[in-house]
Amino acid sequence: MRRRLPKWIGDQLPDYSLKVTKKAELDKILAAEADINKVVLLTTKKQPANVFKAVTAEFKHKLRF
């Protein structure tokens, strides 16, 4: 039960981040919406950490992740 609870919580968190796999995609996103700051997380993981997903939800309309 202890190990399943964090996974269940993470599954319930909305993920408002964008997955980018190519430099051209990143350049396009960074150039768009010049008036909004962007946050870039570089990782080799397939899914973002729960804390990152929570931050994306908290700052959904203020930052782009």
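This is a predicted model: local features need pLDDT of at least 70, side-chain atom pairs count only at pLDDT 80 or more; totals for chains, interfaces and linings use all residues.
Trainee: How many helices and strands does the chain have, and in what order do they run?

Mentor: There are 3 helices and 2 strands, running α-α-β-α-β from the N terminus on; helices (H or I, at least four residues) and strands (E, at least two) are DSSP runs.

Trainee: How does the radius of gyration of the chain stand against that of a compact globule?

Mentor: The radius is taken over C-alpha atoms, and the globule rule is 2.2 Å times the number of residues to the power 0.38. For 65 residues a compact globule would have a value near 11 Å, whereas the chain has 14 Å, and the C-alpha trace spans about 45 × 25 × 10 Å along its principal axes.

Trainee: Why is Glu 33 called partly exposed?

Mentor: Buried means under 20% relative accessible area and exposed over 50%, with partly exposed in between (1.4 Å probe, protein chains only); Glu 33 has 40% relative accessibility, so Glu 33 counts as partly exposed. Glu 33 sits in the loop between α2 (23-31) and β1 (37-38), and has a positive phi of about 50° although it is not a glycine.

Trainee: What share of the chain counts as buried?

Mentor: Of its 65 residues, 11% count as buried.

How values were computed:
Residues are numbered from 1 along each chain as its sequence is written. Side-chain values use heavy atoms; hydrogens and water are left out.
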